[in-house]
Amino acid sequence: MSDTPSLMDTTRSEFLKFRTVRASFIGLATFVVLTVGIALLISLVISANWSQRSAIDKLAFDPVTTSLTGVFFAQFASGVLGARFITSEYASGAIRTTLAAVPRRVHLVLAKAIVLFAVFFVASEVVTFAGFSVAQMIYRANHLTTGSLSTSVDLRAVVFAGVFLTCLTLIGFGLGLLLRTTSITISVYVTVLLIIPIIINFFPTSWQDHVTKYLPANLGAAMMSPQLSTRSFSWGTSAIILAIYTVAVLVAGSVALSRRDA
Amino acid sequence: MLKIDHLTKRYGATLAVNDLDFEVQSGVVTGFLGPNGSGKSTTMRVIIGLDRPTSGRATINGQTYDQLKAPLREVGALLDAKALDPTRSARNHLRALALSNRIALKRVDEVLEFVGVASVAHKKVGGFSLGMSQRLGIAGALLGDPGILLFDEPVNGLDPEGIRWIRDFFRTLAKEGRTVFVSSHLMSEMAVSADQIIVIGRGKFITTGTVDQLTANAVGTVFVRSTDPTHLAEVLRQANGVVEPLNDDALSVSGLTSDQVGAAAFAAQVAVLELTPQRASLEDVFMTLTADSLEYGHKNAEVTP
C-alpha cells in the first residue's frame with residue numbers, strides 16, 4: 001500500500017460522508033416513493049378505468065411508458081439530491097474543512113461525482129425496474145397488455161430511464177458547484193426542467209419542433225420511450241446529448257470551484 | 001518550515017494582506033497578533049489553500065499547500081470550529097478526514113480521547129457547544145500528526161480551564177519541535193502563550209520579537225503622587241514631559257524617567273509621596289503599534305472581538 005493518498009482515498013472519504021448523514025437516506029426514500037409509488041398508483045388507476053376507455057385510447061395504451069411516469073417526478077429529487085451533496089457543505093462551511101483535506105479541487109469534484117454516479121445509478125436502476133415490475137404485475141392481473149424485460153425495446157426503455165435520472169443527479173451536482181446556494185441551485189434546476197418547456201410552448205409550433213427535442217425532459221422521454229417519435233431524437237442520440245450536457249455542467253462546475261476562493 | 005513570501009491578497013477594492021513577508025520558526029509558539037480585520041485570518045486561509053493569493057505565496061517546506069500530497073499529515077489547521085456538517089457525528093467527521101489523507105482510522109479514536117470529546121464522539125456536531133467544537137477542531141488538526149499547526153483565535157469560546165489546557169498544549173507541541181502558529185487579537189493572551197510574536201495591522205507587517213523585546217523598546221510611564229500636583233505638572237511640562245493628571249494628587253508622566261521626575265520635584269521643592277516607574281505592558285505596545293492601523297479608525301476605542 002502506497003502512502004500517498006489517491007483519488008480512491010478521496011472517493012472513499014466522500015462515500016463515507018454521503019452515508020453518514022441521515023438526509024441521504026431520506027432523499028433515497030423519497031426517490032423510491034416517487035418512482036415506485038407513482039408507478040403503482042398510475043397502473044391501478046388505468047386498470048380500474050380500463051372499461052371506460054375508448055377503443056382508440058385502449059390501442060394507444062403503452063404499458064412501459066405509463067409504468068415510468070414516476071421518473072418525471074423523481075427527476076426533481078435527483079437534481080436536488082445531487083446539488084445538496086455540495087451546497088450543504090457551503091451552507092455549513094464544511095467545504096473549507098473539506099478543501100483543507102483535499103486541496104486538489106478537481107480531485108474533489110471527481111470523487112464526489114464518482115460517489116453520486118455509483119449511488120444514484122444503482123438507486124435509479126433499482127427504482128425504475130421496481131416501478132416497471134410493479135406496474136406490469138398490476139396490468140397482468142387486470143388482463144391488460146404488458147411490457148416485458150425480455151424484449152430489448154422494453155428493457156432499453158427501463159435501463160435508460162435510470163440513466164436519465166443518474167445524469168440529472170450529476171447535472172444537479174454540477175449546478176450546485178456553480179451556484180453554491182441550495183435554494184438558487186434548485187430554482188435554476190427547476191427553471192431548466194419545468195419552466196423553460198412551458199415558455200417554449202407559447203412559441204410557434206414550427207420553431208418548437210427544433211428546440212424542444214434538446215430539452216432535458218424531452219431527451220429523457222425519448223430515452224425511455226419504446227416508440228420513436230418524429231418530434232424527438234432517437235433514444236441513442238438523446239442519451240449522447242444528455243451525456244454531453246452532464247459533462248459540460250460538471251466541467252463548468254469544477255472550473256468554478258478551482259478558480260474561486262472558498 | 002512555514003514561510004510567507006511577499007504575500008498580497010486583495011478582495012475587490014479591499015487590500016486584506018499587503019506584502020507580508022516572514023518565516024515562522026519551529027520549536028516555539030509564534031503568536032500572530034493584530035486587531036480584527038488586520039489580515040490574520042486571510043493569511044491563514046491562503047496558507048491552507050482556501051484563498052488564492054493575489055501575488056506572492058505561502059509555502060510549507062518549500063511547497064504551496066495544494067502541492068502537498070497528504071496535506072493533513074504536514075499541516076494541521078483550526079480556522080473555524082463551526083465549519084462542519086452539523087448532522088454528522090464527530091467520529092464520522094474525523095473518519096472522513098482520515099480516509100482522504102490515508103491516516104489510520106485508529107488515530108481518530110486517539111485524538112478524540114486526547115482532546116476529551118470521546119464520550120460524545122457518536123453525537124451530531126450540530127449540538128456541540130463552541131468549546132466542544134474547538135476541541136473537535138483541535139482533534140482534526142492533530143489527526144495527521146503534522147509538523148506545522150495553525151490556530152485562528154483558538155481561545156474563543158473556551159472556559160478558563162480550557163484556555164489553560166490549550167496554552168500548555170501549545171507549549172508541548174512546540175517542545176516536540178513542531179511549528180505552532182497562533183493568531184489572536186488579544187495581547188494579554190499572546191503575552192502568556194507565545195514565545196515569538198509577529199504583529200500586523202491593516203494587512204501590513206509591523207514588528208516581530210519576543211514579548212520582552214517588544215516591551216523593552218517601548219517607553220513606559222511614571223506614576224507620581226505629590227503634595228502639589230498642579231505645580232509639579234507645570235515643572236514637568238517645562239522639562240518636556242507629557243503629563244496626565246490622575247485622581248487627587250497623582251500624575252502619570254511619560255517622556256521622562258523616574259529619576260528625572262524625582263530630581264525635578266526636588267528642585268521645585270514639591271514633596272513626593274510616591275514615585276513608581278511603570279513598564280509598558282504588551283497591551284500598551286500593541287495599542288501604540290497598531291493605533292494607525294485600526295480598520296474603523298476609532299483609535300481610542302476598545303478593540304472588541
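How many residues does the contact take from chain A, and how many from chain B? In this predicted model, chain A puts in 28 residues and chain B puts in 31 residues. On the chain A side, helices H1 (7-19), H2 (22-48), H5 (70-92) and H6 (94-101) each supply at least two of the residues that touch chain B. Sorted by class, the chain A side of this contact comes out as 11 nonpolar, eight polar and nine charged residues.

Elsewhere in chain A, there's a helix pair to look at. Helix H8 (residues 152-179) packs against helix H12 (residues 235-259) of chain A, with the axes 8 Å apart and an angle of about 20° between them. Angles under 35 degrees count as roughly parallel, so that's the label H8(A) and H12(A) get. The crossing of H8(A) past H12(A) is left-handed. As for what sits in this helix contact, the tally is 19 nonpolar, four polar and one charged residues.

Over in chain B, six strands make up an open sheet with mixed pairing, running in the order E5-E6-E7-E3-E8-E9. Strands E5 (75-78) and E9 (204-210) of chain B sit at the edges with a single partner strand each, so each has one side without a neighbour in the sheet. From one strand to the next, the twist averages 15°. B:Gly76, for instance, has B:Leu149 in E6(B) as its bridge partner. Helix H4 (residues 130-142) of chain B packs on the sheet here, touching E5 and E6 of chain B, and its direction makes about 165° with that of E5(B).

Notes: Residues are numbered from 1 along each chain as its sequence is written. Chains are lettered from A and ligands numbered from 1 in the order in which they are written. This is a predicted model: local features need pLDDT of at least 70, side-chain atom pairs count only at pLDDT 80 or more; totals for chains, interfaces and linings use all residues. Two residues are in contact if their C-beta atoms, placed from the backbone, lie within 7 Å. Helices (H or I, at least four residues) and strands (E, at least two) are DSSP runs, numbered from the N terminus. Ala, Val, Leu, Ile, Met, Phe, Trp, Tyr, Cys and Pro count as nonpolar, Asp, Glu, Lys and Arg as charged, and the others, Gly among them, as polar. Axes are lines fitted to C-alpha atoms, for helices over the stretch in contact, and angles run from 0 to 180 degrees between N-to-C directions. Angles under 35 degrees count as roughly parallel, over 145 as roughly antiparallel, 65 to 115 as roughly perpendicular and the rest as oblique. A crossing is left-handed if the near helix is turned anticlockwise from the far one by less than a right angle, and right-handed if clockwise. Two strands pair if DSSP finds at least two bridges between them.
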